[in-house]
Structure formats: structure tokens, C-alpha cells
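Subject: Model for you to look at

Hi,

Here is the structure I promised to pass on. Please open it alongside the sequence; my notes follow below.

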Amino acid sequence: MRLQPQSDMASRTTFLLFFVNLLFVSWVSAAPLIGGRVLAVLEEQSDSAKYSQFLVDLKGRGFDVKLESPKKDTLSLFKHGEKVWDHVILFPPKSKGYGPALTPQQLLEFTKLGGNVLILTSPSSIPEQIRELARELGIGLPPKDYIAVDHFNYDTVSKSEKHDVILANRPAVSPAVHNYFSGKQGDLIAFRGAGHTLGNGPLLVPILTAPRTAYAYDSKEDFAYAQDPWAAGTQMQLISAMQARNNARITLAGSADMFSNEFFEMKVQRPGSVESRKTANKEFCRDVAAWTFGEKGIVKVNAIRHYLSNEPDSPVNPNMYRIKNDATFEIELSEYDTDRWVPFKVPSGDSLQLEFTMLDPYYRIPLFPASTSSNYTTYATSFKIPDQHGVFAFRVNYKRPYITYVDEKYSVTVRHFAHDEYTRSWDISGAWVWIAGIAVTITGWIGFCALWLWSAPAAIKAGLKKTE
Amino acid sequence: MRSTISSGMSSWTLFALAFSSLAAAASGAWTFEDAQAVIAAKGGKAEAYKFSPTKPIKGAINLGPKDILKVSLTVKEDSKVGRPHQAFLLVQEPESKVEAFFPLNVKELSGKAKVDLSHKDLPAFLLTAPSLSLSLVLGSFGQSTASIATIGNVEPLLDPAAKALLEKQKQKDIGEGTVVYRAKDEIRHVFRADPQSPPKIITLVFLLSVLAGLGGLFVVWFPILGGNLSHLPKALKAAPISHPLFFASLLSLEGIFFMYYTQWNLFQTLAGMAVVGPVALFSGSRALREVRARRERESARRCEEK
């Protein structure tokens with residue numbers, strides 16, 4: 001009887017320990033930032049072996065990948081109006097479509113709830129659902145069986161006659177954007193599939209662009225020469241993405257093969273080069289998935305501060321400023337890099353801008369890095385509040401390709417000078433005449449009073465005048 | 001091998017094509033010869049420019065609104081005539097590297113290829129550029145090396161009216177009005193000009209003239225009109241408290257105004273007035289009574305003297 005409570009305690013401790021352990025374990029395995037539930041839509045479960053390296057790599061980074069067939073009746077992206085998955089990978093289907101659970105409307109609804117979609121297509125099977133979705137996004141997909149070829153940058157080791165394994169380079173490093181796909185510049189990426197075109201729109205970004213001499217033609221037609229190619233050159237894209245306004249990402253790759261084990265391990269050789277090299281597909285496809293599933297390019301605002309510049313005791317984030325005050329604005333930005341937050345760096349050719357607006361911006365000035373901590377950078381700038389009173393807003397509207405959108409807005413009131421804040425009259429030289437006028441009037445009044453009180457009448461003179 | 005063969009046999013054709021080209025030229029290269037670019041103007045005489053893979057056309061070709069640039073050449077796979085799968089004329093705007101492609105019409109047996117280029121073929125973006133560079137791409141399946149050769153430069157000639165129209169079209173084409181996510185132009189608020197004071201020297205001149213007015217007033221009072229303070233001892237004798245008190249209260253009223261001007265607020269000023277005002281009222285009535293009495297006495301004395 002006396003032991004009972006003790007053992008009870010012991011079991012409770014074990015239970016607690018177990019629970020803590022569980023927490024700890026789940027924390028260590030670090031579920032990805034934007035959830036780890038991945039739905040991989042693959043018709044034949046056996047095909048997963050083709051993409052096993054890619055999928056295992058995803059699992060290794062904390063994603064919980066579930067393979068499902070689009071034919072499965074219970075397959076759904078939502079349950080009770082909430083999404084059941086955080087990310088979806090669509091492998092090209094063997095049949096004509098993905099079924100009723102993955103219509104374009106449902107995929108868009110999924111992205112509206114913040115879900116990310118990675119669409120892999122192959123020229124022989126682009127289902128109408130994907131075409132419809134692409135049309136909605138502003139991506140132009142070629143007709144069925146149009147493949148991209150390049151007679152200058154093809155792989156000579158694999159099928160050298162068809163030239164359909166294009167060796168593309170990673171996108172060039174740009175000074176103005178954070179391109180998460182630039183990686184090692186010498187890398188060769190093997191691509192076998194269809195290219196597509198992009199419409200005008202800020203939400204669409206190219207990830208992998210076709211070489212200058214590439215073109216797309218109908219592989220099922222027996223033209224002896226490409227009389228009317230569908231698209232050609234750098235206007236044709238191999239992989240593109242759309243980042244919606246809610247930062248959900250849809251990536252469309254023209255080749256499912258490039259994600260396969262075969263291409264990961266392939267040794268390739270450019271025509272004219274002497275040695276064959278391993279492709280960088282594994283790294284590149286990891287970059288594509290990592291970006292699409294929110295492991296990269298997520299920018300977060302930690303804090304925003306604004307205060308009067310020259311007064312150390314002034315309150316932080318006041319509701320009100322006066323016109324012509326000197327104000328300082330600071331913003332702390334972090335960027336997510338696979339498993340942790342790191343300081344966000346604005347590219348050298350770009351500018352993080354602060355706007356001070358009332359209807360229209362009165363200021364749009366660059367913010368410069370003021371300090372860096374282990375996981376954020378503080379950007380700051382100072383300026384003089386404009387000579388216009390009203391309700392203004394500090395606004396940082398930083399929308400750039402490849403990174404999540406930063407749009408922060410904080411309203412403050414800008415008041416006029418109070419009556420005792422104007423320059424005093426004696427500091428204005430033009431007022432001296434008027435001040436002197438007042439002084440002269442006062443002195444004259446005092447003198448007049450003294451004369452009125454104490455002056456003896458000027459009798460003698462008056463008397464003399466009269467006697468004369 | 002022509003496209004008249006049914007599409008069911010396409011893969012076979014492709015294979016045959018690939019095989020034949022493979023067999024024909026194991027390590028050949030696509031090239032061309034007898035190449036010329038002719039500007040055919042309506043009614044005018046044609047101007048021909050010859051070029052070869054290694055020798056592009058020197059100088060720029062002017063392409064007028066009604067001209068047609070006819071490029072013709074013979075495609076060769078090494079020394080044999082052939083037809084490559086890809087035979088494009090690339091027209092590039094050198095600055096932005098934006099490029100358009102024009103497939104050449106190639107005869108299979110003779111390898112004769114030609115393409116026409118006129119203003120209406122070119123998109124507005126390229127047409128409005130000052131200069132365009134032309135290149136020729138030849139490439140096909142199989143092992144023959146593909147080639148890309150520079151042909152030369154074309155300068156489209158536009159009349160101003162057409163140019164304005166094309167500029168508009170170009171803006172439309174490159175997505176006028178669509179947002180581009182990048183840094184925007186910097187804006188800095190321009191403050192209204194501060195109020196200006198006149199030059200100090202002018203201020204000082206007027207300041208001196210105001211002060212001179214005070215001096216003039218005192219000069220008129222004392223030496224000319226004979227103002228004096230000689231009754232002060234009399235007044236102090238007659239009303240020793242009210243006179244100094246009245247004068248002091250007058251001075252302190254002015255002092256209160258001065259404090260209000262420099263640092264006091266209205267309430268402090270009113271409090272000061274409340275203290276000094278009654279003093280001035282009572283002492284003033286006494287002092288002025290004394291002054292009247294003195295004046296009456298004085299005029300009475302004067303009357304007696306007369």
C-alpha cells in the first residue's frame with residue numbers, strides 16, 4: 001500500500017520523460033518550416049523506384065512523403081476545408097488525367113491555403129488538367145509530343161542521335177536577385193522533355209532556361225527539318241515557377257526524367273568536350289524541391305522600429321511625429337535556409353527600400369545594413385519627416401523574384417508644429433524692426449507717464465511769450 | 001524521306017535519317033557556301049552582299065520599310081549538300097540579347113536554302129532597335145557538328161511616324177503596365193522653402209530709424225517742449241507711498257508682459273496681473289489725485305501772479 005504511490009510516481013515520471021523525449025525527437029528531426037506532409041502522386045507504385053533517390057533525399061530532410069495513386073478513391077487534398085497535405089508532387093500520369101481529386105480548381109484552392117505544388121511533366125503525357133492550370137498561371141505548354149532539342153548542348157554519351165538530352169547550365173549569378181538555383185556555375189544539368197513559354201507577369205519566374213540554340217519540335221511528325229518549331233532559344237523555359245501572393249509556390253518542370261535516378265547518376269559529355277562528367281541533377285533537383293517546398297527563399301521580418309534620430313530617450317514606435325522631425329527606421333530581416341534562420345542579405349545590385357507614404361510616397365529611400373546578428377540583419381535609414389501633416393505610413397514593400405514577399409506597413413500621425421515649437425521672433429532678423437517698435441512704444445509710454453506725473457509746467461517760457 | 005510518308009512511320013524515318021546522316025558523315029560539320037544577302041527594293045536595283053561562314057558581311061545592311069532582305073545559301077554537310085533539321089536565321093538585338101528565329105526553307109536535293117526578312121516579319125521590339133545582328137544556326141541529329149555563324153548587321157530604317165507607332169507596340173509587347181518586381185526609383189521629399197528674412201543691413205537701417213524715432217521723441221519732449229522731472233520731490237513729499245508704488249506697478253506690468261513674451265504662460269501672466277493690477281489702480285488714483293491737486297494749486301498761483 002505504501003509503495004503504491006511511489007510506483008505511480010515512477011510511472012508518471014517515465015511517462016513524462018517519454019513525452020519530453022518525444023518532443024525532443026520531433027524537434028531534432030526538424031519538421032520543415034512550412035509543414036512536412038508531402039503527397040507524391042504516382043500512378044504505379046512500382047515507378048517510385050525510378051525516383052527513389054529524389055524521394056529518399058526529401059525524406060532525409062524531414063519531409064513525410066506519402067505515395068498515392070491518383071486513381072485512389074479516398075485521395076483528397078482537403079478534409080473539413082483544411083488541407084491535409086502541405087506539399088504535392090505530381091508525377092506524369094500514364095492515363096489521361098489525374099482524376100477528380102486533382103483538378104486545376106482544387107490545386108489552386110490548395111495553393112490558396114498555402115500549399116506548394118511541384119509538377120513534373122513529360123512530353124508524352126501532359127494531362128489536360130495541367131494544361132488548364134498552366135494556362136491560368138500564364139505558362140504556355142507545347143502540344144503533345146513536342147520535345148526540346150539542342151544540337152549544340154546535347155549529351156553524347158546517351159542517345160547521341162536524337163540529341164534530346166539537353167545539357168543546360170545553371171542560371172547565371174545575377175547581382176540583383178537571390179537566385180537559389182545558380183549554385184556551382186560549371187554544373188551540367190541533363191534535361192529530357194518539353195520546354196514552355198512564360199507570359200508577362202511578376203509572379204512567374206524562370207528557373208531553368210533553354211540554351212540559345214535549343215528549339216522544340218513535334219517528335220511524332222516526320223518532318224525532315226524543323227520548318228515551324230514551336231519555340232526556340234532563350235525565350236523557351238525548361239523549368240519555371242509561380243509564387244502566388246500568399247507565397248505558395250507552384251513549380252513546373254518540363255522533364256520528369258531529370259528527377260530520376262537514371263539522370264542523377266548519368267555521366268554526360270558535351271559534343272566537342274573530351275571527358276564525361278557526372279550531372280548535377282541531384283543537387284539541382286534538390287534545390288528545386290527545397291525552394292518549392294519552402295526550405296529556401298523564405299524571408300521573415302523579425303522586428304520593426306522607428307524613433308526620433310537625435311534623441312536617445314525618445315520612445316520606440318511612437319504614434320506621432322512632428323513635421324521636419326528626424327526619424328530613424330529599422331527593420332530586422334531573417335531568411336530561412338533549409339533548417340535554420342540566417343541573416344538576410346540584400347543582393348548588391350538590389351535595394352531594400354523604405355517608403356513614407358500618404359496616398360503617394362513622399363520618400364522612397366534605400367535601407368542599409370546597420371548590424372548583423374547570428375540570425376538576422378538590421379537594415380536602417382534616417383530621414384526628415386516631410387513638411388506635410390496627416391496620417392503617413394512607413395512601408396517596406398520588398399517583392400522580388402524567388403523570395404517570399406515582404407510588405408510591411410505601419411501608420412503614424414504627423415502633426416504640425418505646436419504653437420511653442422516655432423522659431424522665436426528674436427531669432428528672425430526680419431522681426432527685429434517690429435520688436436524694436438514695441439520696445440520704443442513701451443519706453444515712450446513709461447517716459448510719458450513720468451512726465452505726466454512729475455513734470456513742472458514750462459511756465460517761464462510761456463510767460464515770456466505772453467508778456468512780449 | 002519527305003514528309004509525305006505517313007506519320008505512323010515517323011520514328012522509322014527519324015531513325016533512317018539519323019542513320020544515314022551518321023553513315024554519311026561520321027564526324028562532319030554543317031556548313032554553308034554560295035551565301036549572299038540581297039536587298040530587294042521595289043523598282044530599285046538589288047544590292048547583293050556575299051558572305052561565308054568565316055567572313056561576315058562588313059558594314060551594316062540598311063533595311064528600308066519596303067525592302068526585303070533575301071538570304072540564300074547552299075547548306076553542306078562537309079562537302080555534300082544536305083538538309084539539317086535545324087536551319088534558323090537568328091535576329092538578335094545585341095544589347096538585351098533578345099532574339100527571334102526564322103527557319104530557312106531548305107531544298108533537300110540541292111541543299112539550297114533561303115529566307116526572306118522584311119519589316120513586317122520583325123517584331124516591334126527588334127524593329128525599333130538601332131542595329132540587329134544576324135546569325136545562322138545549322139544543326140541536325142547525328143554526329144555532324146552543328147554550327148553557328150555570324151552573318152552581319154542590319155539597320156532597320158524607319159520613318160518617324162512608323163517609329164512612333166512601333167514604339168507603342170513595343171511597349172505593349174514587353175508588358176507595358178505589368179508590374180516588374182524590382183527596386184523602384186528613389187524619391188526624396190522636396191521641402192517647401194523656409195521663410196526668408198530680408199538682408200540684415202536693411203533690417204538694421206530700419207531698426208536704427210525706429211530707435212531714432214524714440215530719440216527724436218525725447219529730444220522734442222525735453223529740450224524743445226521743456227519737459228522736466230522737477231516736481232518729483234514735491235510729489236514724493238505729498239504722496240510718498242502712492243507715487244513710487246504707482247510707477248513701480250507700471251514698470252512691473254511691462255515686466256509681466258516681457259515675461260509672457262519670453263517664458264510665462266497665460267495663467268502665470270494673469271496671476272501677475274491680478275497682483276499688480278489692483279496696486280496700480282489704487283496707487284494710481286492716489287497719485288493722480290495728487291497730480292491734479294498740484295496742477296490746480298499751480299494754476300491758482302499763476303493767476304494770482306498775473
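A327(A) stands opposite F383(A), a residue of strand β26 in chain A. The model is a predicted one, so please read everything here with that in mind. β26(A) covers residues 377–384 and runs antiparallel to β21(A), with 8 bridges joining the two.

Strand β19 (residues 298–308) of chain A is joined to β21 (residues 326–337) of chain A by 10 bridges. These two strands also run antiparallel. Look for R305(A) here: it stands opposite E330(A) in β21(A).

Then there is β22(A), residues 340–343. It runs antiparallel to β21(A), and 4 bridges join them. One pair to find is D337(A) and its bridge partner in β22(A), R340(A). What lies between the strands of this hairpin? There are 2 residues between β21(A) and β22(A). T338(A) in this hairpin takes a positive phi near 60 degrees.

Further along chain A, the unreviewed UniProt entry annotates residues 431–454 as a "transmembrane region". In the model that span is 96% helix and 0% strand. Its end C-alpha atoms lie 35 Å apart.

Now chain B. How is chain B divided? The assignment gives domain 1 (23–173), domain 2 (200–227) and domain 3 (230–305). Taken over C-alpha atoms, the centres of domain 2 and domain 3 of chain B are separated by 25 Å.

Best wishes

Methods. Residues numbered from 1 in each chain as written. Chains lettered and ligands numbered in written order. Predicted model: local features only at pLDDT ≥ 70, side-chain atom pairs only at ≥ 80, totals over all residues. UniProt positions renumbered as here; feature names shortened; annotations may be inferred. Domains from an automatic or database assignment. Pairing = 2+ DSSP bridges.
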